[in-house]
Amino acid sequence: MTTEAIRVEDFYEPAVFRRIKDLADTKETPFVVIDTETVGRHYDQLVGQFPFARIHYAVKANPAEELITLLRDRGANFDIASIYELDKVMNLGVAAERCIFGNTIKKARDIRAFYERGVRMFATDSEADLRNIAKAAPGSRVYVRILTEGTHTADWPLSRKFGCQTDMALDLMILARDLGLEPYGVSFHVGSQQRDIGAWDAAIGKVKIMFERLREEVGIELKMINLGGGFPANYIAKTNDLETYASEIIRFLKEDFGEELPEIILEPGRSLIANAGVLVSEVVLISRKSRTALQRWVFTDVGKFSGLIETLDEAIKYPIYTEKKGEVEEVVIAGPTCDSADIMYENYKYGLPLNLAIGDRLYWFSTGAYTTSYSAVEFNGFPPLKSYYI
Ligand SMILES: Cc1ncc(COP(=O)(O)O)c(C=O)c1O
C-alpha cells in the first residue's frame, strides 16, 4: 500500500509547493498548477548534462503557450507531432529551422504544409511515408526511426507502433538518397519513463551498426542520432536521477562512436514538465460495495477522461497526497463519469487515510505532462481539465 509515505518534500522544493498551494487554494477543482520555473530549471539541467545535444521539446507533453514561450526563450527546439502543433509553435515566434516533424504517421498534405512553412527535417519509418516526403518536401533531411527493446521496463512504452527493423531502416536510408532526400540520421524512443538505462545502450548499438554499414556498403555518411525521450520523472516508483541517465548514455555513445560524436538530438517531454505540475482534485464520494467490504471506493472530480489517461492499465502511478493524516486503508480510486473504465487504480493498492472525507482535496503529484492535452472536451458534460501557470 502507498500514500501514507507520500511526502511533499520528496517531490517538490518547499517554496515551489508553497507557490503551487497558494494558487491552488484560490481555485475550484479540478485543475493542474504548473510551476514554470521548475520547467526552466529542468531544461537547464538537461542542457548542463548534455551540453553538446540539440534539445527538441516534445510539444505533445504539454502544449501550453506558457511553456512553449519559456522554452523558446531559453533556446530550445521543438519536436512536432502535427500541423496543429507546428502552427501553434510558429505563431509563437519559433522559426521553422527549430522544428522537426517527428511523427512517422502523417498525411502527404501535412508534409507539404511543413515544407511550405520551412521545416526541412522529417522522421520516417516506412517506404510509403518516405516517398511522400520525397514528393512533398523535396531535398529535405530525413532520419529513420528504428524499433528498440525496452517495452517491459518503460512505464509508458512506445516502441511497437513506431520504428522499423534495422534492415528495413538501411533500405529506407538508401531509398531516401535515391529519391533526392538527404539521409541524415537515425532515431529511436526507448519508451516513456524508461527505467532501464541499458535500453539506450542496446539502441545506440543498433545505430552504430547502421552508421557503419551505410558508410561501408553504400557510401552514405549519416550525421545525427536522435535519442528520443524516455528520461525520468518522479512518480511513486523511484528511478535513477537525470545525472546518472546522462553519464551512462554518454558513456554508451562514446563506447560506440568515440570522442567525435555525431550530432545528438534529445526529445524530452515528461522529464521536463511532469514534476512541475500538481493536479488538484476533490473527493466527490466515498463508498463501500457491501456491508463487510474492506475496501473503500474514493471517487474524485478528475478521472481517466479528464487528464489521467496515463493511469490506463495503471501504467503511471502518480503519488497522491492529502492533508489528512492518520491510519490509512486500502482504496479503489475512480473518476466522476458514468463510464466503468473510469477507474484509475484498483489493482495497485493505494492507501488513503480513514478520516478522508467528501470535499477533501487530493493532490496528484508529477502531473504536469500528458494530462491537460489528453483531457476529453465534453465527456459526460465535464469540461477539459483547467490549468494555471505560475
Ligand atoms: C517522437 C517522440 N519524441 C519524444 C517524445 C517524448 O517522450 P518523453 O515524454 O518520454 O520524454 C515522444 C512521446 O510520445 C515521442 O513520441
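G102 counts as buried because 28 C-beta neighbours lie inside 10 Å; a residue is termed buried if 20 or more other C-beta atoms, placed from the backbone, lie within 10 Å of its own, exposed if 12 or fewer, and partly exposed in between. The structure is a predicted model, in which local features need pLDDT of at least 70 and side-chain atom pairs count only at pLDDT 80 or more, while totals for chains, interfaces and linings use all residues. Residues are numbered from 1 along each chain as its sequence is written.

G102 is placed in the loop between β4 (99-101) and α5 (108-117), helices (H or I, at least four residues) and strands (E, at least two) being DSSP runs numbered from the N terminus. With residues up to four places away in sequence not counted, G102 touches D79, I80, A81, A123 and E267; contact requires C-beta atoms, placed from the backbone, within 7 Å. The C-alpha atoms of G102 and N347 are separated by 35 Å, the two residues being 245 apart along the chain.

Helix α3 (residues 65-73) contains the buried residues L67, I68 and L71. Viewed down the axis of α3, these buried residues fall within an arc of 100°, so they line one face of the helix; the arc is that of the directions from the helix axis to the C-beta atoms. The packing partners of the buried α3 residues are α2 (36-49), β2 (53-58), α4 (83-91) and α10 (270-273). Just after α3, a positive phi of about 95° is adopted by G75.

Note on methods
Two residues are in contact if their C-beta atoms, placed from the backbone, lie within 7 Å.
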